[in-house]
Amino acid sequence: MRRHGLEWWQLFTEIPKREKDPLGTIRRWHALYGPRVRIPVRSPASWSLTDPEDIRHVLVTNNMNYRKVGWLTLGRRFLGDGLLTSAGTLHRHQRSVLQPSFHRSEIQKSADTIVQEIDRTISSWKDGETVNISHEMARLTLGAVGQSFFQRSFRDVADELLEAFLTCQRFMARWSSFLPESFPTPKTIRYHRATATIDRIIDDLMSAPRPGGFLSGLLAARGIDGKPMSRQLIRDEIVTILWAGHETACNALEWGWYLLSRHPDIESRLHQEVDNVLEGRAPSIESVPHLKYTDMVFAEILRMYPPAWILARWAIGEDELSGGMRLPEGSILFISPYAIHHDPRWFPDPDTFDPERFDSARRTERPSLSYIPFGAGQRVCIGEHFGRLEGVLVLARIAQRFRLMPIQGQRVTPEPLLTLRMKQDLTLAVQQRRLRKSIAPYLHTTAS
Ligand code: HEM
């Protein structure tokens with residue numbers, strides 16, 4: 001009979017492997033044991049799930065029975081009770097307060113701001129130079145979310161803010177540590193210093209809100225008790241939007257430029273599309289629907305390297321998955337978009353970078369929850385429209401102006417913390433392209 005997962009004695013060898021190579025290990029477990037893998041680490045049960053129907057059950061249909069996992073929401077001082085980490089009625093209330101600002105029609109207004117941030121970034125790139133793409137994408141995405149939501153690019157404090165975010169993330173990803181947050185190890189001390197830096201920067205921001213913006217809306221909003229929201233909760237929401245809003249998009253774009261630099265055929269199709277559609281102009285909200293291949297490229301990047309590579313929930317009550325599989329109260333469930341996106345049932349030859357998988361016809365051939373870079377259900381990413389718009393604009397604008405090419409000997413290793421980062425900074429050589437007018441007039445037929 002086929003086993004459903006690991007036996008307890010396998011943990012001695014499997015946990016070190018998981019620590020060393022989380023991505024490879026989770027794929028191997030699913031290849032060996034199927035779409036439901038039992039991991040005997042916590043009582044009463046822990047499972048890793050990749051079946052789209054199980055995912056629908058946990059994230060969508062019966063989502064009220066599942067909460068975000070407490071130890072993944074470690075580091076309370078960092079994100080506090082912001083939207084990413086809060087639960088229950090507080091989460092529902094806060095989501096309803098923030099949601100209108102993330103509506104597609106609101107987000108579309110950010111397109112020009114995002115393009116200005118891109119242009120600001122690439123204005124210093126010189127033909128033939130090597131550029132630290134990780135560094136550039138981090139500042140660009142922080143600037144894009146900062147300008148769009150807070151009318152501040154944070155360029156003056158970007159280095160210390162990004163460093164503080166990374167320290168917090170490294171601290172929160174210490175999933176196998178049982179020490180409390182207050183225990184004074186060097187890592188905890190660094191973490192407390194980092195949160196103090198973040199607090200100072202957010203304090204400055206809150207003391208000078210721009211009228212009419214997202215921040216003044218937050219300052220005027222009512223909390224769950226009908227009173228003005230506490231300063232602490234507003235701080236938590238700002239940190240959450242800034243961190244979740246730049247970190248994910250930054251990771252995706254870094255992986256994207258890495259993939260494109262190694263696939264000149266795909267890069268060249270991308271160039272063709274941006275040249276034809278944009279005809280030398282900067283991308284805008286009007287051109288985005290025509291950048292179809294660019295959108296497919298971004299979708300495929302998110303498939304191969306989903307920034308939120310693992311989600312976790314715990315069952316607040318007993319439940320049952322299809323086929324009568326019982327989940328006792330307190331069960332921990334891992335849902336890995338990375339493992340799901342590499343399931344050959346939905347994505348044959350999953351390690352191949354192939355944007356054609358997102359051709360409109362092929363998208364419908366798979367179950368919808370076989371592709372979940374933004375999660376699903378009640379806790380689906382609130383910033384999905386922003387993230388997708390930003391992804392397409394950045395790819396299009398940079399591909400219009402530059403080729404990004406690999407440098408010999410550059411090592412690229414994933415570092416899966418809370419998000420799927422790169423361990424070493426990515427450096428690429430930039431080659432300026434000449435702005436081209438349309439070479440495919442049939443795309444823009446004139447009335448005859
Ligand atoms: C490519 C870009 C992005 C990706 C791949 C991404 C991915 C995700 C995923 C998978 C979740 C669900 C986590 C879970 O269920 O446990 C999530 C939640 C969230 N994301 Fe994003 N995200 C992106 C961009 C953004 C942006 C631009 C913002 C804000 C400006 C943002 C803010 C949030 C927040 C606040 C939540 C928590 C929502 C809630 O629980 O109600 N994200 N994101």
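**A close look at Leu161**

Guide: Let's start with who touches whom: Leu161 is in contact with Phe154, Ile198 and Ile201, once residues up to four places away in sequence are set aside. Contact here means C-beta atoms, placed from the backbone, within 7 Å. Bear in mind that the model is predicted, so local features need pLDDT of at least 70 and side-chain atom pairs pLDDT 80 or more, while totals for chains, interfaces and linings use all residues. Numbering runs from 1 along each chain as its sequence is written.

Leu161 sits in helix 9, residues 158-172. Helices are DSSP runs of H or I, at least four residues, and strands are runs of E, at least two, numbered from the N terminus. Leu161 counts as buried because 23 other C-beta atoms lie within 10 Å; the cut-off is 20 or more for buried and 12 or fewer for exposed, with partly exposed in between. Ala194 is 33 residues from Leu161 along the sequence, yet their C-alpha atoms are 8.3 Å apart.

Step back to the loop between helix 8 (133-150) and helix 9 and you find Gln151. Gln151 has a positive phi of about 50°, and it isn't a glycine. Most residues other than glycine have a negative phi. Gln151 is partly exposed, with 15 other C-beta atoms within 10 Å. Another case is Glu279, with phi near 45°, in the loop between helix 13 and helix 14. Its 17 C-beta neighbours inside 10 Å make Glu279 partly exposed too.

Helix 14 is mostly covered, with 11 of its 13 residues buried, among them Tyr293, Asp295, Phe298 and Arg303. The cover over those buried residues includes helix 12, helix 13 (264-278), helix 15 (337-341) and helix 17.

Leu393 is in contact with Ala111, Ile114, Val115, Ile118 and Pro283, leaving out neighbours within four places in sequence.

Helix 12 (231-261) turns up again around the ligand: helix 12 and helix 17 (384-401) each give at least two residues to the shell, and helix 12 gives the most, seven. Of the 25 residues around the ligand, Gly245, Gly375, Cys381, Gly383 and Gly387 come nearest; a residue is near if its C-beta atom, placed from the backbone, lies within 6 Å. The shell splits into 16 nonpolar, seven polar and two charged residues (nonpolar: Ala, Val, Leu, Ile, Met, Phe, Trp, Tyr, Cys and Pro; charged: Asp, Glu, Lys and Arg; polar: the others, Gly among them).

Zooming out, the protein chain has 17 helices and 12 strands, and 41% of its 448 residues are buried. Of the contacts with a separation of 6 or more, 73% join residues 24 or more positions apart. The C-alpha atoms fill a box of roughly 70 × 55 × 45 Å along the principal axes.

Technical notes: Contact = placed C-beta atoms within 7 Å.
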